[in-house]
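The entry under discussion is shown below.

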Amino acid sequence: MSDTHSHSVAFVRTETLPQLPPPASEAGVVKWMRENLFSSIPNSVLTLVALYVIYQLVTGAFPWMANGIWNTNSLAECREILDGATGACFSVITERWNQLLFGFSYPSEFYWRPGLAFLLLFVAAAPVMFFDLPRKLLLFTAIYPFLAYWLVWGGTIYTPLFALLGIVIGYLVYARFVKDSFAMGFFGGVIAAFIAWFIGGYIVGAIAPAEPFLEAVQSRDMGGFMLNMTLGVVCVSLSLPLGIVLALGRQSDMPIIKWICVVFIEFIRGVPLITLLFVANVVLAFFLPPGTTFDLILRVIIMITMFSAAYIAEVIRGGLAALPKGQYEAGDSLGLDYAQSMRLIILPQALKISIPGIVNVAVGLFKDTTLVSVISMFDLVGMIRGPILSSTDWNGVYWELFMAASVLFFVVCYGISQYSQWLERRLATDHR
């Protein structure tokens with residue numbers, strides 16, 4: 001039998017062959033290009049068209065950027081140096097960087113104050129954004145809004161201290177009554193905070209020193225990208241808790257609370273943001289007592305916060321509706337009250353589901369802060385369209401300025417987007 005087999009098989013290999021590398025078409029860049037760029041005839045055509053467009057953009061923009069001028073004092077000097085050659089005039093950025101970032105009225109000797117507040121923003125946001133950091137850092141997060149206000153606006157330190165005191169009193173009242181009723185604790189805390197702020201206003205006016213440690217800067221002197229960052233950070237921070245409250249209120253069993261939230265959300269969502277900004281700038285003054293001065297930035301913050309909170313409330317309501325009924329019943333079976341059930345079971349899951357929608361609203365809100373330029377507030381876009389382009393030195397420089405503005409906004413919005421994707425991957429516990 002063995003002799004027959006040895007004669008019928010010409011060759012039998014007795015050792016294992018060494019592993020060979022895969023074919024060139026099945027590995028590396030060639031494989032990636034074949035699968036992603038040239039997987040079919042339509043994809044190949046679209047890839048070639050896209051490459052042609054990119055080639056035209058790069059060959060057109062690269063000489064313009066490479067020959068850019070950075071050290072002149074006016075557009076006329078730029079054109080004189082270029083002498084007809086293609087090139088950008090980036091000198092407007094180096095010469096007007098302070099106005100692009102801080103506006104044209106913020107005192108230059110105080111630039112360090114908003115700069116320090118911006119750096120401390122990362123320290124304050126870190127323990128909220130990254131769960132592995134020590135929880136004790138949340139104490140600085142709680143103090144940061146009042147510290148940042150004092151750094152940017154200056155004036156007496158008693159103003160942020162009494163504002164913080166009002167928050168503490170409101171929380172203590174909430175903690176006292178929330179065990180009896182969530183509504184009683186919530187509204188009691190809000191009323192107590194407003195009473196504390198009202199009384200604190202008189203106390204601060206009586207004890208404020210004539211020459212505070214940090215010189216006061218008026219809101220009308222704010223401008224540039226600092227104004228966009230201030231509006232974006234403050235409004236997003238305020239609209240998220242307000243949106244949660246509105247979403248819970250819309251699902252409440254109490255008819256009055258429910259319909260107040262429904263009317264608020266539907267009315268705000270049915271009005272363009274630019275209309276609310278005009279209301280904050282012009283119409284609101286007619287409803288205030290004569291002689292009353294209401295800070296314009298505060299009015300704008302209130303309107304933008306209301307606008308974004310209405311959208312965030314609907315996003316969170318979608319997350320609440322996506323939860324199965326068993327999650328609500330789980331809280332009841334454990335004997336948790338309404339506040340405990342929402343805080344420990346319902347809201348963490350609903351917020352996780354709502355992350356993409358919340359981030360979408362936050363990114364849109366940050367970009368919408370440029371709309372304040374239509375009510376004569378000189379944010380980054382307002383500075384470009386107003387004082388810089390209207391000056392005789394830089395009249396006619398458009399591409400360089402708007403390209404710089406787009407880079408600033410892209411960095412912030414892309415950073416928010418990347419963090420949200422990381423957060424979704426981190427919280428994807430149900431797929432592990």
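## Aromatic and cysteine contacts

In this predicted model, ring pairs join Trp97, Phe102, Tyr106 and Tyr111 into a cluster. The number of aromatic pairs comes to 21. One of them is formed by Trp97 and Tyr111, whose ring centres are 6.2 Å apart and whose planes stand at 65 degrees, so the pair is edge-to-face. This pair links distant parts of the chain, since Trp97 belongs to helix α5 while Tyr111 is in the loop between α5 and α6 (112–129), 14 residues apart. The two partners can also be described by their accessibility: Trp97 is partly exposed, with a relative accessible area of 44%, whereas Tyr111 counts as buried at 15%.

A further ring pair consists of Phe366 and Phe409, with centres 5.1 Å apart and planes at 50 degrees; the pair is therefore tilted. Phe366 lies in helix α15 (residues 338–368) and Phe409 in helix α17 (residues 399–426), so the contact ties together parts that are 43 residues apart in sequence. Both Phe366 and Phe409 are buried.

| Arginine | Ring | Distance from the ring centre |
|---|---|---|
| Arg176 | Phe177 | 5.1 Å |
| Arg269 | Tyr311 | 5.7 Å |

The cysteines are considered next. The structure holds 1 disulfide. It is formed by Cys78 and Cys89, with their sulfur atoms 2.1 Å apart. The link of Cys78 and Cys89 is right-handed, with 65 degrees about the S-S bond. Cys78 lies in helix α4 (residues 75–82) and Cys89 in the loop between α4 and α5 (91–102), so the bond ties together parts that are 11 residues apart in sequence. Both Cys78 and Cys89 are buried.

Cys235 counts as buried, at 0% relative accessibility. Cys413, for its part, is in no disulfide, and the nearest cysteine sulfur is that of Cys235. Cys413 is also buried, with a relative accessible area of 11%.

Key: Residues numbered from 1 in each chain as written. Predicted model: local features only at pLDDT ≥ 70, side-chain atom pairs only at ≥ 80, totals over all residues. Heavy atoms only, no water. Disulfide = S-S within 2.5 Å. Helix = DSSP H or I, 4+ residues; strand = E, 2+ residues; numbered from the N terminus. Buried < 20%, exposed > 50% of the residue type's maximum accessible area, 1.4 Å probe, protein only. Phe/Tyr/Trp six-rings, centres within 6.5 Å; stacked < 30°, edge-to-face > 60°. Lys NZ or Arg CZ within 6 Å of the ring centre and 35° of its normal.
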